[in-house]
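Reader: I am new to protein models, and I would like to learn how to read one feature at a time. Could you take me through this one slowly?

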Amino acid sequence: MPEIDVEDWCTNTEYTSGYDPEDPVIQWFWEVVRSLTQEEHVLLLQFVTGSSRVPHGGFAYLMGGSGLQKFTIAAVPYTSNLLPTSSTCINMLKLPEYPGQEVLRDRLLVALHCGSYGYTMA
């Protein structure tokens, strides 16, 4: 299983749709990611990018459909039981504005362990 450097991942992430690195949801997200197992890191990477491997040189070299494309987290309005979704061609995680870290953790793990079958509610 590939070793994933979470700090490199965090450093090479962009934010959009209202999120920024200081947003509480983003802080909770990275705390949750740091607590995940190596297998779950791989599942998250696969879920968002379509690949289970970090490119040679690290996250700064992630490729998207049209060239270099950083890992991006976009805000999505929260509704009860909404799961995160992704757009793998642009390495984008669409992360709902969860009301707390435990809800975020639970919903993220459901999404990762149930796979990316197109479901947004569980």
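Author: We will go from the overall fold to an aromatic group and then to an annotated residue. This is a predicted model, in which local features need pLDDT of at least 70 and side-chain atom pairs count only at pLDDT 80 or more, while totals for chains, interfaces and linings use all residues. Residues are numbered from 1 along each chain as its sequence is written, and side-chain values use heavy atoms, with hydrogens and water left out.

Reader: How many helices and strands does the protein have, and in which order do the elements run?

Author: Helices (H or I, at least four residues) and strands (E, at least two) are DSSP runs, numbered from the N terminus. The protein has four helices and six strands, and from the N terminus on the order is α-β-α-α-β-β-β-β-β-α.

Reader: What does the radius of gyration of the protein agree with?

Author: The radius of gyration is taken over C-alpha atoms, and the globule rule is 2.2 Å times the number of residues to the power 0.38. For 122 residues a compact globule would have a value near 14 Å, and the protein, with 13 Å, agrees with this. Its C-alpha trace spans about 40 × 30 × 25 Å along the principal axes.

Reader: What share of the residues in the protein is buried?

Author: Buried means under 20% relative accessible area, exposed over 50%, and partly exposed in between (1.4 Å probe, protein chains only). Buried residues make up 41% of the 122 residues here.

Reader: How many aromatic pairs does a search of the whole structure find?

Author: Rings of Phe, Tyr and Trp (its six-membered ring) pair if their centres lie within 6.5 Å, and planes under 30 degrees apart count as stacked, over 60 as edge-to-face and the rest as tilted. The search finds five aromatic pairs. In one of them, the rings of tryptophan 9 and tryptophan 30 have centres 6.1 Å apart and planes at 75°, so this pair is edge-to-face. Tryptophan 9 lies in helix H1 (residues 6–11) and tryptophan 30 in helix H2, so the pair ties together parts that are 21 residues apart in sequence. The rings of phenylalanine 29 and tryptophan 30 are also edge-to-face, because their centres are 4.9 Å apart and their planes stand at 75°. Trp9, Phe29, Trp30, Phe59 and Phe71 form one aromatic cluster.

Reader: Is tryptophan 30 buried or exposed, and which residues does tryptophan 30 touch?

Author: Tryptophan 30 is buried, with a relative accessible area of 3%. Contact means heavy atoms within 4.5 Å, and, not counting residues up to four places away in sequence, tryptophan 30 touches Val6, Trp9, Cys10, Thr13, Tyr15 and Ile73.

Reader: Which residue does UniProt list for "active site", and where does that residue lie?

Author: UniProt positions are given in the numbering used here, feature names are shortened, and annotations may be inferred rather than shown by experiment. The UniProt record, an unreviewed entry, lists Cys89 for "active site". Cysteine 89 lies in the loop between strand E5 (85–87) and strand E6 (92–96), and cysteine 89 counts as exposed because its relative accessibility is 52%. Leaving out residues up to four places away in sequence, cysteine 89 touches Gly64 and Gly65.
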